[in-house]
Amino acid sequence: MWIRLVEPEGTSDFDYGMENMSYLEMKTADRTLVPWTATQEDLLEKDWFLLDEQAP
């Protein structure tokens with residue numbers, strides 16, 4: 001499982017011209033992608049690390 005920041009650019013026809021905002025997305029154990037909201041406990045953990053997006 002992992003979490004990534006999704007930063008959509010601009011607007012789309014689907015959202016009636018409203019601006020798209022950034023959000024967190026989690027890849028679950030069953031290989032699906034879902035929006036994710038971090039809890040206070042998640043944000044304060046010290047076991048986070050960044051992965052290089054270019055890595056294979």
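The model is predicted: local features need pLDDT of at least 70, side-chain atom pairs count only at pLDDT 80 or more, and totals for chains, interfaces and linings use all residues. Residues are numbered from 1 along each chain as its sequence is written, and side-chain values use heavy atoms, with hydrogens and water left out.

Thr28 sits in the loop between strand E2 (23-27) and E3. Helices (H or I, at least four residues) and strands (E, at least two) are DSSP runs, numbered from the N terminus. Leaving aside residues up to four places away in sequence, Thr28 touches Met1 and Val34, where contact means heavy atoms within 4.5 Å.

Next come the aromatic rings. The structure has one aromatic pair. The ring centres of Trp36 and Trp48 are 6.3 Å apart and the planes stand at 55°, so the pair is tilted. Rings of Phe, Tyr and Trp (its six-membered ring) pair if their centres lie within 6.5 Å; planes under 30 degrees apart are stacked, over 60 edge-to-face and the rest tilted. Trp36 belongs to strand E3 (residues 33-36) and Trp48 to the segment after helix H1 (40-44), so the pair ties together parts that are 12 residues apart in sequence. Trp36 is buried at 18% relative accessibility, whereas Trp48 is partly exposed at 45%.

How values were computed
Buried < 20%, exposed > 50% of the residue type's maximum accessible area, 1.4 Å probe, protein only.
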